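Notes below, in the order I checked things.

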Amino acid sequence: MGRMGRIGQIGLILILIASAGVKLWFIREKYEHFRVAEVVDGDTFKLRDGEKIRLAGIDAPEIKECKGEEAKEKLTQLIKGKVIKFESRGWDGWNRRIGIVRIGGVDVAEVLLRLGLGQYEWVDKYDIDKLKAARNVGKQNGLGIWSGTC
């Protein structure tokens with residue numbers, strides 16, 4: 001094989017390797033995994049590096065509002081110190097990343113809504129029917145903010 005044939009083969013191999021790398025970049029997992037360091041309130045938590053993350057799909061009561069402490073306690077029980085699966089949905093107005101949070105395959109916002117610890121909140125391309133149904137479970141059972149004590 002001549003010199004040009006060898007160079008051509010090497011060039012083709014390099015192109016194939018580069019193409020495979022580009023393809024792998026496009027099919028990477030859409031989730032990130034993080035360990036939760038601190039829970040701020042019923043829908044916000046911090047990672048070990050201090051970054052604040054807000055749960056997509058739920059607006060939990062603030063700490064000083066009715067059931068705010070309960071929402072924070074439940075979120076703490078669910079995620080503090082644990083590794084979560086996080087799918088980013090962008091940023092909110094307070095410079096927090098907002099996203100879907102799962103632990104053990106369970107949607108954390110859905111759990112909180114079923115317990116009546118927040119209102120569902122629309123998030124682009126997120127399963128609103130599932131969240132509304134979860135909220136309705138809490139509401140129909142008089143749980144959390146639907147208990148009549150708020």
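This is a predicted model: local features need pLDDT of at least 70, side-chain atom pairs count only at pLDDT 80 or more; totals for chains, interfaces and linings use all residues.

Started with Glu 87: buried or exposed? Glu 87 comes out at a relative accessible area of 9%, and because that is under the 20% cut-off, I log Glu 87 as buried.

Next I checked where Glu 87 sits: it is part of strand 5, which covers residues 83–91. Then I asked which residues Glu 87 touches, leaving out those up to four places away in sequence. I got Lys 30, Tyr 31, Ile 98, Gly 99, Ile 100 and Arg 102.

Moved on to disulfides. How many does a search of the whole structure find? It finds one. The disulfide joins Cys 66 to Cys 150, with S to S at 2.0 Å. I also looked at where the two cysteines lie: Cys 66 is in the loop between strand 4 and helix 2, and Cys 150 is in the segment after helix 4 (128–140), so the pair ties together parts that are 84 residues apart in sequence.

Cys 66 itself is partly exposed, at a relative accessible area of 33%.

Last stop was Lys 64, in the loop between strand 4 (58–59) and helix 2 (68–79). Lys 64 has a relative accessible area of 84%, and since exposed means over 50%, I wrote Lys 64 down as exposed. I also took a C-alpha distance: Lys 64 and Asp 41 are separated by 10.0 Å, and they are 23 residues apart along the chain.

Notes
Residues are numbered from 1 along each chain as its sequence is written. Side-chain values use heavy atoms; hydrogens and water are left out. Helices (H or I, at least four residues) and strands (E, at least two) are DSSP runs, numbered from the N terminus. Buried means under 20% relative accessible area, exposed over 50%, partly exposed in between (1.4 Å probe, protein chains only). Contact means heavy atoms within 4.5 Å. A disulfide is a pair of cysteine sulfur atoms within 2.5 Å.
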